[in-house]
Protein chains: 2
Amino acid sequence: MRLPQGFRNGDTPSPNHRNPTPHFHNTVTLRKLRRFNSLILVFRVTAFIFSLASSVFMVTNSRGSGSPLWTDFDAFRFVFAANAIVALYSLFEMGVSVWEISTGATLLPEILQVWFDFGHDQVFAYLLLSADSAGTALVKTLKRTDTCTTSASFCVQSDISLALGFTGFLFLGFSSLLSGFRVVCFIINGSRLHL
Amino acid sequence: MRLPQGFRNGDTPSPNHRNPTPHFHNTVTLRKLRRFNSLILVFRVTAFIFSLASSVFMVTNSRGSGSPLWTDFDAFRFVFAANAIVALYSLFEMGVSVWEISTGATLLPEILQVWFDFGHDQVFAYLLLSADSAGTALVKTLKRTDTCTTSASFCVQSDISLALGFTGFLFLGFSSLLSGFRVVCFIINGSRLHL
(Lines give C-alpha, C1' and ligand atoms only; values in the text may rest on other atoms or scores of the structure.)
Protein backbone atom coordinates (compact mmCIF):
# COMPACT_ATOMS: atom_id res chain seq x y z
CA MET A 1 0.00 0.00 0.00
CA ARG A 2 2.99 2.30 -0.27
CA LEU A 3 2.61 5.45 -2.30
CA PRO A 4 3.81 5.10 -5.87
CA GLN A 5 7.06 6.88 -6.71
CA GLY A 6 5.21 9.70 -8.44
CA PHE A 7 3.65 10.75 -5.11
CA ARG A 8 6.96 11.33 -3.27
CA ASN A 9 8.50 14.74 -2.71
CA GLY A 10 11.97 15.51 -3.97
CA ASP A 11 11.58 13.88 -7.36
CA THR A 12 13.50 15.55 -10.20
CA PRO A 13 11.15 16.83 -12.92
CA SER A 14 10.45 14.33 -15.67
CA PRO A 15 12.73 14.79 -18.72
CA ASN A 16 9.65 14.27 -20.88
CA HIS A 17 8.81 17.96 -21.40
CA ARG A 18 6.07 17.16 -23.88
CA ASN A 19 3.84 15.83 -21.09
CA PRO A 20 4.39 17.71 -17.82
CA THR A 21 0.79 17.15 -16.59
CA PRO A 22 1.23 13.85 -14.63
CA HIS A 23 3.96 15.27 -12.38
CA PHE A 24 1.98 18.43 -11.78
CA HIS A 25 -1.12 16.33 -11.07
CA ASN A 26 0.82 14.11 -8.64
CA THR A 27 2.25 17.09 -6.77
CA VAL A 28 -1.21 18.62 -6.39
CA THR A 29 -2.66 15.27 -5.27
CA LEU A 30 0.20 14.79 -2.80
CA ARG A 31 -0.40 18.23 -1.33
CA LYS A 32 -4.15 17.58 -1.03
CA LEU A 33 -3.49 14.19 0.61
CA ARG A 34 -1.09 15.72 3.13
CA ARG A 35 -3.64 18.40 4.01
CA PHE A 36 -6.43 15.81 4.33
CA ASN A 37 -4.37 13.52 6.59
CA SER A 38 -3.15 16.45 8.67
CA LEU A 39 -6.74 17.64 9.11
CA ILE A 40 -7.79 14.19 10.34
CA LEU A 41 -4.82 14.21 12.77
CA VAL A 42 -5.81 17.65 14.09
CA PHE A 43 -9.39 16.45 14.72
CA ARG A 44 -8.11 13.28 16.43
CA VAL A 45 -5.76 15.24 18.68
CA THR A 46 -8.51 17.73 19.61
CA ALA A 47 -11.04 14.95 20.31
CA PHE A 48 -8.41 13.20 22.46
CA ILE A 49 -7.60 16.32 24.48
CA PHE A 50 -11.23 17.21 25.16
CA SER A 51 -12.42 13.69 26.02
CA LEU A 52 -9.38 13.08 28.24
CA ALA A 53 -9.94 16.41 30.01
CA SER A 54 -13.64 15.57 30.42
CA SER A 55 -12.91 12.17 32.01
CA VAL A 56 -10.21 13.69 34.30
CA PHE A 57 -12.62 16.46 35.42
CA MET A 58 -15.25 13.81 36.17
CA VAL A 59 -12.96 11.35 37.97
CA THR A 60 -11.56 14.07 40.26
CA ASN A 61 -15.05 15.33 41.12
CA SER A 62 -15.15 14.52 44.83
CA ARG A 63 -14.87 16.87 47.83
CA GLY A 64 -14.15 14.42 50.66
CA SER A 65 -16.66 12.96 53.13
CA GLY A 66 -20.03 14.69 53.50
CA SER A 67 -19.99 15.84 49.88
CA PRO A 68 -21.57 14.00 46.96
CA LEU A 69 -19.33 11.63 44.98
CA TRP A 70 -19.47 11.26 41.20
CA THR A 71 -19.52 7.44 41.50
CA ASP A 72 -22.88 7.68 43.33
CA PHE A 73 -24.56 8.66 40.06
CA ASP A 74 -24.97 6.20 37.16
CA ALA A 75 -25.03 8.97 34.54
CA PHE A 76 -21.69 10.41 35.74
CA ARG A 77 -20.09 6.94 35.63
CA PHE A 78 -21.43 6.64 32.07
CA VAL A 79 -19.93 10.07 31.19
CA PHE A 80 -16.54 9.02 32.58
CA ALA A 81 -16.57 5.62 30.83
CA ALA A 82 -17.64 7.03 27.45
CA ASN A 83 -15.05 9.83 27.54
CA ALA A 84 -12.27 7.46 28.64
CA ILE A 85 -13.15 5.04 25.81
CA VAL A 86 -13.17 7.88 23.26
CA ALA A 87 -9.85 9.22 24.62
CA LEU A 88 -8.22 5.77 24.27
CA TYR A 89 -9.70 5.30 20.80
CA SER A 90 -8.54 8.79 19.72
CA LEU A 91 -5.04 8.03 21.03
CA PHE A 92 -4.94 4.86 18.94
CA GLU A 93 -6.26 6.74 15.89
CA MET A 94 -3.64 9.47 16.39
CA GLY A 95 -0.98 6.77 16.20
CA VAL A 96 -2.60 5.34 13.07
CA SER A 97 -2.70 8.82 11.53
CA VAL A 98 0.93 9.62 12.34
CA TRP A 99 1.97 6.20 10.98
CA GLU A 100 0.06 6.91 7.75
CA ILE A 101 1.54 10.40 7.31
CA SER A 102 5.12 9.20 7.96
CA THR A 103 5.09 5.91 6.01
CA GLY A 104 2.31 6.51 3.47
CA ALA A 105 0.78 3.14 4.38
CA THR A 106 -2.15 2.15 6.59
CA LEU A 107 -1.54 0.16 9.77
CA LEU A 108 -4.23 -2.43 8.99
CA PRO A 109 -5.00 -3.62 5.44
CA GLU A 110 -6.53 -0.65 3.61
CA ILE A 111 -10.12 -1.91 3.27
CA LEU A 112 -10.17 -2.93 6.93
CA GLN A 113 -8.66 0.38 8.04
CA VAL A 114 -11.17 2.69 6.29
CA TRP A 115 -14.18 0.67 7.51
CA PHE A 116 -12.70 0.30 11.02
CA ASP A 117 -12.21 4.08 11.31
CA PHE A 118 -15.65 4.99 9.99
CA GLY A 119 -17.54 2.34 11.97
CA HIS A 120 -15.84 3.17 15.27
CA ASP A 121 -16.20 6.93 14.71
CA GLN A 122 -19.95 6.48 14.25
CA VAL A 123 -20.51 4.14 17.20
CA PHE A 124 -18.35 6.16 19.62
CA ALA A 125 -19.97 9.44 18.53
CA TYR A 126 -23.39 7.99 19.43
CA LEU A 127 -21.98 6.63 22.71
CA LEU A 128 -20.44 9.97 23.71
CA LEU A 129 -23.53 12.01 22.82
CA SER A 130 -25.73 9.60 24.75
CA ALA A 131 -23.49 9.79 27.85
CA ASP A 132 -23.19 13.58 27.76
CA SER A 133 -26.95 14.03 27.30
CA ALA A 134 -27.62 11.71 30.25
CA GLY A 135 -25.08 13.65 32.36
CA THR A 136 -26.66 16.98 31.41
CA ALA A 137 -30.13 15.77 32.40
CA LEU A 138 -28.74 14.58 35.74
CA VAL A 139 -27.00 17.91 36.49
CA LYS A 140 -30.17 19.82 35.61
CA THR A 141 -32.11 17.64 38.06
CA LEU A 142 -29.46 17.99 40.77
CA LYS A 143 -29.71 21.77 40.48
CA ARG A 144 -33.32 21.50 41.69
CA THR A 145 -32.19 19.61 44.80
CA ASP A 146 -29.98 20.37 47.82
CA THR A 147 -26.94 18.70 46.23
CA CYS A 148 -25.99 21.78 44.20
CA THR A 149 -26.74 24.28 46.96
CA THR A 150 -24.64 22.50 49.60
CA SER A 151 -21.81 21.64 47.19
CA ALA A 152 -21.90 24.11 44.32
CA SER A 153 -18.38 23.24 43.15
CA PHE A 154 -19.45 19.62 42.56
CA CYS A 155 -22.08 20.77 40.05
CA VAL A 156 -19.77 23.35 38.44
CA GLN A 157 -17.07 20.72 37.89
CA SER A 158 -19.70 18.34 36.42
CA ASP A 159 -20.83 21.12 34.08
CA ILE A 160 -17.24 21.68 32.91
CA SER A 161 -16.72 17.95 32.36
CA LEU A 162 -19.91 17.77 30.27
CA ALA A 163 -19.00 20.84 28.21
CA LEU A 164 -15.59 19.29 27.46
CA GLY A 165 -17.32 16.01 26.54
CA PHE A 166 -19.69 17.75 24.11
CA THR A 167 -16.73 19.50 22.45
CA GLY A 168 -14.98 16.13 22.15
CA PHE A 169 -18.14 14.76 20.50
CA LEU A 170 -18.09 17.64 18.01
CA PHE A 171 -14.54 16.85 16.87
CA LEU A 172 -15.26 13.11 16.79
CA GLY A 173 -18.18 13.99 14.51
CA PHE A 174 -15.85 15.95 12.19
CA SER A 175 -13.47 12.96 12.12
CA SER A 176 -16.44 10.74 11.28
CA LEU A 177 -17.29 12.96 8.28
CA LEU A 178 -13.72 12.69 6.96
CA SER A 179 -13.48 8.92 7.54
CA GLY A 180 -16.87 8.54 5.79
CA PHE A 181 -15.40 10.46 2.86
CA ARG A 182 -12.41 8.05 2.82
CA VAL A 183 -14.79 5.07 2.72
CA VAL A 184 -16.60 6.55 -0.28
CA CYS A 185 -13.23 7.26 -2.00
CA PHE A 186 -12.20 3.66 -1.35
CA ILE A 187 -15.48 2.26 -2.73
CA ILE A 188 -15.27 4.43 -5.86
CA ASN A 189 -11.54 4.18 -6.68
CA GLY A 190 -10.42 1.09 -4.77
CA SER A 191 -8.00 3.34 -2.86
CA ARG A 192 -8.30 5.93 -0.10
CA LEU A 193 -5.56 7.95 -1.85
CA HIS A 194 -7.62 9.40 -4.71
CA LEU A 195 -9.32 12.56 -3.55
CA MET B 1 -36.17 10.29 -13.57
CA ARG B 2 -38.71 7.68 -14.72
CA LEU B 3 -37.49 4.15 -14.98
CA PRO B 4 -36.41 3.16 -18.44
CA GLN B 5 -38.76 0.83 -20.33
CA GLY B 6 -36.52 -2.15 -19.59
CA PHE B 7 -37.28 -1.83 -15.88
CA ARG B 8 -41.04 -2.22 -16.20
CA ASN B 9 -42.86 -5.45 -15.52
CA GLY B 10 -45.05 -7.06 -18.18
CA ASP B 11 -42.74 -6.44 -21.11
CA THR B 12 -42.92 -9.01 -23.87
CA PRO B 13 -39.59 -10.82 -24.31
CA SER B 14 -37.23 -9.22 -26.79
CA PRO B 15 -37.36 -10.79 -30.26
CA ASN B 16 -33.56 -10.68 -30.24
CA HIS B 17 -32.99 -14.23 -28.94
CA ARG B 18 -29.25 -14.02 -29.43
CA ASN B 19 -28.88 -11.63 -26.49
CA PRO B 20 -31.42 -12.33 -23.72
CA THR B 21 -29.12 -11.12 -20.88
CA PRO B 22 -30.16 -7.42 -20.64
CA HIS B 23 -33.82 -8.25 -20.04
CA PHE B 24 -32.89 -10.85 -17.44
CA HIS B 25 -30.51 -8.37 -15.81
CA ASN B 26 -33.19 -5.66 -15.78
CA THR B 27 -35.77 -7.97 -14.22
CA VAL B 28 -33.34 -8.95 -11.45
CA THR B 29 -32.39 -5.30 -10.85
CA LEU B 30 -36.06 -4.32 -10.77
CA ARG B 31 -36.80 -7.00 -8.19
CA LYS B 32 -33.84 -5.91 -6.04
CA LEU B 33 -34.92 -2.27 -6.29
CA ARG B 34 -38.49 -3.10 -5.25
CA ARG B 35 -37.19 -5.05 -2.23
CA PHE B 36 -34.81 -2.22 -1.28
CA ASN B 37 -37.51 0.47 -1.50
CA SER B 38 -39.99 -1.74 0.37
CA LEU B 39 -37.43 -2.31 3.14
CA ILE B 40 -36.90 1.45 3.49
CA LEU B 41 -40.68 1.93 3.66
CA VAL B 42 -40.99 -0.75 6.39
CA PHE B 43 -38.27 0.98 8.47
CA ARG B 44 -39.94 4.38 7.98
CA VAL B 45 -43.36 3.05 9.03
CA THR B 46 -41.88 1.33 12.11
CA ALA B 47 -39.88 4.43 13.13
CA PHE B 48 -43.06 6.53 12.68
CA ILE B 49 -45.19 4.18 14.82
CA PHE B 50 -42.68 3.97 17.67
CA SER B 51 -41.81 7.67 17.80
CA LEU B 52 -45.49 8.67 17.58
CA ALA B 53 -46.37 6.20 20.35
CA SER B 54 -43.47 7.54 22.45
CA SER B 55 -44.59 11.16 22.10
CA VAL B 56 -48.25 10.23 22.83
CA PHE B 57 -47.19 8.29 25.96
CA MET B 58 -45.18 11.29 27.11
CA VAL B 59 -47.81 13.96 26.38
CA THR B 60 -50.53 12.03 28.24
CA ASN B 61 -48.26 11.52 31.27
CA SER B 62 -50.17 13.54 33.86
CA ARG B 63 -52.33 12.33 36.75
CA GLY B 64 -54.21 15.51 37.66
CA SER B 65 -53.39 17.98 40.45
CA GLY B 66 -51.02 16.83 43.19
CA SER B 67 -49.16 14.55 40.82
CA PRO B 68 -46.04 15.43 38.86
CA LEU B 69 -46.53 16.73 35.33
CA TRP B 70 -44.23 15.83 32.42
CA THR B 71 -43.96 19.50 31.40
CA ASP B 72 -42.24 20.24 34.73
CA PHE B 73 -39.14 18.41 33.53
CA ASP B 74 -36.92 19.77 30.74
CA ALA B 75 -35.70 16.31 29.72
CA PHE B 76 -39.27 15.02 29.24
CA ARG B 77 -40.16 18.05 27.12
CA PHE B 78 -37.04 17.28 25.05
CA VAL B 79 -38.14 13.62 24.69
CA PHE B 80 -41.59 14.70 23.50
CA ALA B 81 -40.23 17.28 21.05
CA ALA B 82 -37.61 14.94 19.56
CA ASN B 83 -40.08 12.08 19.13
CA ALA B 84 -42.73 14.38 17.63
CA ILE B 85 -40.17 15.78 15.14
CA VAL B 86 -39.03 12.27 14.17
CA ALA B 87 -42.67 11.12 13.81
CA LEU B 88 -43.44 14.05 11.48
CA TYR B 89 -40.23 13.47 9.49
CA SER B 90 -40.95 9.73 9.21
CA LEU B 91 -44.47 10.50 8.00
CA PHE B 92 -43.05 12.76 5.29
CA GLU B 93 -40.45 10.12 4.34
CA MET B 94 -43.19 7.46 4.17
CA GLY B 95 -44.98 9.64 1.65
CA VAL B 96 -41.75 10.10 -0.31
CA SER B 97 -41.16 6.34 -0.26
CA VAL B 98 -44.69 5.47 -1.40
CA TRP B 99 -44.41 8.08 -4.16
CA GLU B 100 -41.12 6.55 -5.31
CA ILE B 101 -42.45 2.99 -5.30
CA SER B 102 -45.61 3.93 -7.21
CA THR B 103 -44.17 6.35 -9.79
CA GLY B 104 -40.50 5.24 -9.93
CA ALA B 105 -39.40 8.87 -9.55
CA THR B 106 -38.14 10.85 -6.55
CA LEU B 107 -40.22 13.72 -5.16
CA LEU B 108 -37.31 16.18 -5.11
CA PRO B 109 -34.55 16.17 -7.77
CA GLU B 110 -32.59 12.93 -7.31
CA ILE B 111 -29.30 14.40 -5.97
CA LEU B 112 -31.21 16.58 -3.52
CA GLN B 113 -33.42 13.70 -2.40
CA VAL B 114 -30.62 11.22 -1.56
CA TRP B 115 -28.62 13.83 0.39
CA PHE B 116 -31.76 15.19 2.10
CA ASP B 117 -32.73 11.71 3.31
CA PHE B 118 -29.26 10.77 4.54
CA GLY B 119 -28.54 14.13 6.21
CA HIS B 120 -31.86 14.27 8.04
CA ASP B 121 -31.65 10.60 9.08
CA GLN B 122 -28.27 11.26 10.68
CA VAL B 123 -29.21 14.50 12.44
CA PHE B 124 -32.56 13.21 13.73
CA ALA B 125 -30.97 9.95 14.93
CA TYR B 126 -28.50 11.99 17.04
CA LEU B 127 -31.35 14.21 18.27
CA LEU B 128 -33.53 11.25 19.29
CA LEU B 129 -30.71 9.39 21.03
CA SER B 130 -29.72 12.52 22.91
CA ALA B 131 -33.32 13.13 24.07
CA ASP B 132 -33.92 9.53 25.11
CA SER B 133 -30.61 9.37 27.02
CA ALA B 134 -31.47 12.59 28.85
CA GLY B 135 -34.94 11.22 29.67
CA THR B 136 -33.48 7.95 30.96
CA ALA B 137 -31.05 9.80 33.25
CA LEU B 138 -33.95 11.88 34.59
CA VAL B 139 -36.13 8.84 35.29
CA LYS B 140 -33.24 7.08 37.06
CA THR B 141 -32.79 10.16 39.26
CA LEU B 142 -36.52 10.46 39.94
CA LYS B 143 -36.54 6.85 41.14
CA ARG B 144 -34.24 7.91 43.99
CA THR B 145 -36.70 10.62 45.07
CA ASP B 146 -40.29 10.67 46.36
CA THR B 147 -41.72 11.36 42.91
CA CYS B 148 -41.69 7.72 41.87
CA THR B 149 -42.89 6.38 45.20
CA THR B 150 -45.91 8.69 45.45
CA SER B 151 -46.79 8.40 41.76
CA ALA B 152 -45.35 5.12 40.46
CA SER B 153 -47.50 5.15 37.32
CA PHE B 154 -45.90 8.46 36.25
CA CYS B 155 -42.46 6.82 36.20
CA VAL B 156 -43.74 3.63 34.56
CA GLN B 157 -45.37 5.62 31.76
CA SER B 158 -42.14 7.63 31.32
CA ASP B 159 -40.19 4.35 31.09
CA ILE B 160 -42.56 3.04 28.41
CA SER B 161 -42.28 6.29 26.44
CA LEU B 162 -38.47 6.10 26.59
CA ALA B 163 -38.38 2.44 25.54
CA LEU B 164 -40.60 3.27 22.56
CA GLY B 165 -38.32 6.21 21.73
CA PHE B 166 -35.19 4.02 21.78
CA THR B 167 -36.89 1.51 19.46
CA GLY B 168 -37.80 4.37 17.12
CA PHE B 169 -34.14 5.43 17.18
CA LEU B 170 -33.09 1.88 16.23
CA PHE B 171 -35.29 1.88 13.12
CA LEU B 172 -34.26 5.42 12.20
CA GLY B 173 -30.66 4.14 12.41
CA PHE B 174 -31.51 1.28 10.01
CA SER B 175 -33.10 3.81 7.62
CA SER B 176 -29.95 5.92 7.88
CA LEU B 177 -27.80 2.93 6.84
CA LEU B 178 -29.97 2.36 3.75
CA SER B 179 -30.10 6.04 2.81
CA GLY B 180 -26.30 6.18 3.23
CA PHE B 181 -26.05 3.25 0.84
CA ARG B 182 -28.22 5.16 -1.67
CA VAL B 183 -25.92 8.19 -1.42
CA VAL B 184 -22.88 5.99 -2.19
CA CYS B 185 -24.76 4.38 -5.13
CA PHE B 186 -25.59 7.85 -6.42
CA ILE B 187 -21.99 9.05 -6.09
CA ILE B 188 -20.62 5.96 -7.86
CA ASN B 189 -23.17 5.51 -10.65
CA GLY B 190 -24.85 8.90 -10.89
CA SER B 191 -28.14 7.19 -10.05
CA ARG B 192 -29.73 5.72 -6.95
CA LEU B 193 -31.21 2.96 -9.12
CA HIS B 194 -28.05 0.87 -9.62
CA LEU B 195 -27.63 -1.54 -6.72
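**Close-ups of the interface between chains A and B**

**View 1. Polar contacts link the two chains.** In this predicted model, 6 residue pairs, both at pLDDT 80 or more, are in polar contact across the interface of chain B and chain A. A polar contact is a pair of N or O atoms within 3.5 Å; within protein, one must be able to donate a hydrogen and the other to accept it, and residues adjacent in sequence count only if both atoms are side-chain atoms. Three helices of chain B, α2 (74–103), α3 (110–142) and α5 (152–189), each supply at least two residues of the side that touches chain A. Helices are DSSP runs of H or I, at least four residues, numbered from the N terminus. α3(B) gives the largest share, 11 residues.

**View 2. Salt bridges cross the interface.** The rule finds 2 of them between chain B and chain A. In one, K140(A) pairs with D74(B), and the closest N and O atoms are 3.1 Å apart. A salt bridge needs a side-chain nitrogen of Lys or Arg within 4 Å of a carboxyl oxygen of Asp or Glu.

**View 3. The contact (heavy atoms within 4.5 Å) draws on both chains.** Chain B brings 20 residues and chain A brings 20 residues. Y126(B), T141(B) and R144(B) supply 28% of the area that chain B buries against chain A, more than any other three residues. Buried area is the accessible area (1.4 Å probe) lost on putting two parts together, summed over both.

**Notes.** Local features need pLDDT of at least 70, side-chain atom pairs count only at pLDDT 80 or more, and totals for chains, interfaces and linings use all residues. Residues are numbered from 1 along each chain as its sequence is written, chains are lettered from A in the order written, and side-chain values use heavy atoms, without hydrogens and water.
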